[in-house]
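Work through the exercises below with the sequence and the structure at hand. Try each task before you read its solution.

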Amino acid sequence: MKLLFVAIAFTLFVTLTSAADDKKAEGRVYEMRVYYANPGKLDALNARFKNHTTQLFEKHGMTNVGYFVPVGDNKDEKLVYFLSYPSKEAASKSWKNFLADPDWKKAAADSEKDGKLVKKIESKFLTATEYSPALKIEAKDDRVFDIRTYTTTKGNLPGLDDRFKDHTIKLFEKHGMTNLVYWHLIPSDKDADKMLIYLLAHKSPEAAKASFDAFRQDPDWVAARKASEEKAGGSLTEPKGGVVSEFLKPTDYSPLK
C-alpha cells in the first residue's frame, strides 16, 4: 500500500510539473531580430555571434533559438535571428544586463576596430498563437526555412487564424511542409491586430515550390479559402504586400537547423 501511494504521488508530481512547464512554454515571448551588416562585415558579425554573443545571451537568461541568412544573393548582408524569454519584462532585464557586461563591451570593441559591423537593426516581439505547435529547437538534416509574414485586411486576423487552425496547417503537413511555429505580435505593437508571422521548414526551395503548388490546387484548400473569403467579404490579406516570404538557411552556429 505504501509503495502504491508513493507511485501515485510521484505520477501526480510529474503530471503537475509537466503541466507547469507547458504553461511556461505557452507564455514565452520571442524576439525576431534582423541585422543589416555594413558592406563586407557579415562574416565578422557571424564570427562575433558564434564566438561571443550567443554565449553571453545564455549567460543573461536569453534562449538562442535560431540564426539564419537568406538563401541565394544576400545583397543586404542580412542576419535574421530569434531569441526567447520568459516574458517581455525578462527580455528588457536581460538586454540591459547583456549590454552592461564587460565581456560584451570587450568583444564589441575588438570586433569593431576597423569599423562598425551593423548599420541597421529591426526587432519584433512575438507570442505563439493558440494553434501553434510547440517550437522544437533541434538540428536536423539539411533543410531550408521559410519565414512568412501575413498582413490582413481590417478586422480579418481572427478569420485568418481560424483558417490556419482549422485547415491550412493540416494541409501544409499533407503536402510535405513542416509547421514549426505561428506567432502574433505582442498586443502592445501597433500592428498586432493585423499580422501573422510563421516559420515553415522544407527540404529545399524547390521542394517548397512543389509543396505549395500542390497545396494551392488541393480541393480542400480551394474550398476553405472560398468559404473564409465569402464570410469576410473579400481577401483576408492585403492585396499588395499582404503575403511576404523569404527563404533562410541556418548558420553553422544556429541551434535550430
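## Exercises on a predicted model

The model used here is predicted.

**Exercise 1. Find the partners of strand S7 and decide whether its residues are buried or exposed.**

Step 1. Start with the neighbours in the sheet. Six bridges join S6 to S7, and the two strands run antiparallel.

Step 2. Turn to the other partner. Strand S5 (residues 144–151) is joined to S7 by eight bridges, again with antiparallel strands. Here Ile147 stands opposite Leu199.

Step 3. Sort the side chains. Met195, Ile197, Leu199 and Ala201 point one way from S7, while Leu196, Tyr198, Leu200 and His202 point the other way. Both sets are buried.

Step 4. Conclude. Eight of the eight residues of S7 (residues 195–202) are buried, so the strand is largely enclosed by the rest of the structure.

**Exercise 2. Classify the ring pairs Phe57–Tyr81 and Phe57–Phe98.**

Step 1. Recall what is needed. A pair of aromatic rings is described by the distance of the centres and the angle of the planes. The structure has 29 aromatic pairs.

Step 2. Take Phe57 and Tyr81. The ring centres are 6.1 Å apart and the planes stand at 25°; planes under 30 degrees apart count as stacked, so this pair is stacked.

Step 3. Phe57 belongs to helix H2 (residues 42–59) and Tyr81 to strand S3 (residues 78–85), so the pair ties together parts that are 24 residues apart in sequence. Phe57 and Tyr81 are both buried.

Step 4. Take Phe57 and Phe98. Their ring centres are 4.9 Å apart and their planes are at 55°, so the pair is tilted. It links helix H2 with helix H3 (residues 88–100), the two residues being 41 residues apart.

Step 5. Widen the view. Phe57, Tyr81 and Phe98 belong to one aromatic cluster, which also includes Tyr35 and Trp95.

**Exercise 3. Describe which residues and elements build the largest nonpolar core.**

Step 1. Begin with the members. The core has 25 residues, and Leu45, Phe49, Phe57, Leu79, Tyr81 and Trp95 touch the most other members.

Step 2. List the sources. Among the elements that each supply at least two residues are strand S1 (29–37), H2, S3 and helix H4 (102–111). H2 gives the most, with five residues.

Step 3. Look at one member. Beyond its neighbours within four places in sequence, Tyr81 has contacts that include Glu31, Arg33, Phe49, Phe57 and Trp95.

Step 4. Check for another core. A second, separate core holds 23 residues, including Tyr30, Phe68, Ile147 and Leu185.

How values were computed
Residues numbered from 1 in each chain as written. Predicted model: local features only at pLDDT ≥ 70, side-chain atom pairs only at ≥ 80, totals over all residues. Heavy atoms only, no water. Buried < 20%, exposed > 50% of the residue type's maximum accessible area, 1.4 Å probe, protein only. Helix = DSSP H or I, 4+ residues; strand = E, 2+ residues; numbered from the N terminus. Pairing = 2+ DSSP bridges. Phe/Tyr/Trp six-rings, centres within 6.5 Å; stacked < 30°, edge-to-face > 60°. Core = buried A, V, L, I, M, F, W, Y, C linked by side-chain atoms within 4.5 Å. Contact = heavy atoms within 4.5 Å.
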